[in-house]
Amino acid sequence: MDIMMNMEKYTKQSAINRKLRELIKIRVSQINGCAYCLNLHTTDARKMGETEKRIYCLSTWSECDFYSAEEKVALQLAEHITLIPTKRVSDDLYQQVRKYYDEKQYVDLVLIINQINSWNRISIAMGNTITEE
């Protein structure tokens, strides 16, 4: 768990916008079906000032004009990495991401996406649940 916590500290210090980090975590958690992480990251996103509309519509981000092109390409990358057996990360997608993010930022996005995928799997495997507060 120390390794996971150290990686979490690293990703929080990355240059990737903190609201975008939360949107990525929410979208990946939707795909993976992790209710615990969805609850945690939607709560965090709201505290950061993210709107309900953007949180609710995240599963259909590609159809919405209120996500920026930079956010959309990061969310597309998140989906492709999360669903890597069927979607993969093509050279074209890599080039699209690089239009908005430099090499270090690309690596940071990949690490953020992998980190939440790992947390989702840990949470689901450990049987974490949420309750009404």
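Analyst: Here is a walk through the labels, each set against its cut-off.

Before that, some ground rules: this is a predicted model, where local features need pLDDT of at least 70, side-chain atom pairs count only at pLDDT 80 or more, and totals for chains, interfaces and linings use all residues. Residues are numbered from 1 along each chain as its sequence is written, and side-chain values use heavy atoms, with hydrogens and water left out.

User: What makes up the secondary structure of the protein chain?

Analyst: There are 7 helices and 0 strands. Helices are DSSP runs of H or I with at least four residues, strands are E runs of at least two, and numbering starts at the N terminus. Read from that end, the order is α-α-α-α-α-α-α.

User: How do you know whether the radius of gyration agrees with a compact globule?

Analyst: The rule is 2.2 Å times the number of residues to the power 0.38, and the radius is taken over C-alpha atoms. For 133 residues a compact globule would come out near 14 Å, and the protein chain has 14 Å, so the two agree. The C-alpha trace spans about 40 × 35 × 30 Å along its principal axes.

User: Why is Met-4 called buried?

Analyst: Buried means under 20% relative accessible area, exposed means over 50%, and partly exposed is in between (1.4 Å probe, protein chains only). Met-4 has 14%, so it is buried. This residue sits in helix α1 (residues 2-12). Leaving aside residues up to four places away in sequence, Met-4 touches Gln-115, Ser-118, Trp-119 and Ile-122, where contact means heavy atoms within 4.5 Å. Met-4 and Trp-119 are 115 residues apart in sequence, yet 8.3 Å apart in space, C-alpha to C-alpha. Across the protein chain, buried residues make up 39% of the 133.

User: And Ile-3, is that residue buried or exposed?

Analyst: Ile-3 has a relative accessible area of 71%, so it counts as exposed. Ile-3 is also in helix α1.

User: What makes α5 and α7 oblique to each other?

Analyst: Helix α5 (residues 69-82) and helix α7 (residues 103-125) pack at about 50°, with axes 10 Å apart. Axes are lines fitted to C-alpha atoms, for helices over the stretch in contact, and angles between N-to-C directions run from 0 to 180 degrees. Under 35 degrees counts as roughly parallel, over 145 as roughly antiparallel, 65 to 115 as roughly perpendicular, and the rest as oblique. The pair α5 and α7 is therefore oblique. Among the residues that meet there are Leu-77 and Ile-81 in α5, and Leu-109 and Ile-113 in α7. This contact has 8 nonpolar, 3 polar and no charged residues. Here Ala, Val, Leu, Ile, Met, Phe, Trp, Tyr, Cys and Pro count as nonpolar, Asp, Glu, Lys and Arg as charged, and the others, Gly among them, as polar.

User: Which residue classes does the contact of α2 with α5 have?

Analyst: Helix α2 (residues 18-32) and α5 pack at about 35°, with axes 10 Å apart. Their contact has 8 nonpolar, 2 polar and 3 charged residues. Arg-27 in α2, along with Glu-71 and Glu-79 in α5, is among the residues that meet.

User: Why is Arg-88 called exposed?

Analyst: Its relative accessible area is 54%, so Arg-88 is exposed. Arg-88 lies in the loop between α5 and α6 (91-98). Arg-88 also has a positive phi of about 60°, although it is not a glycine.
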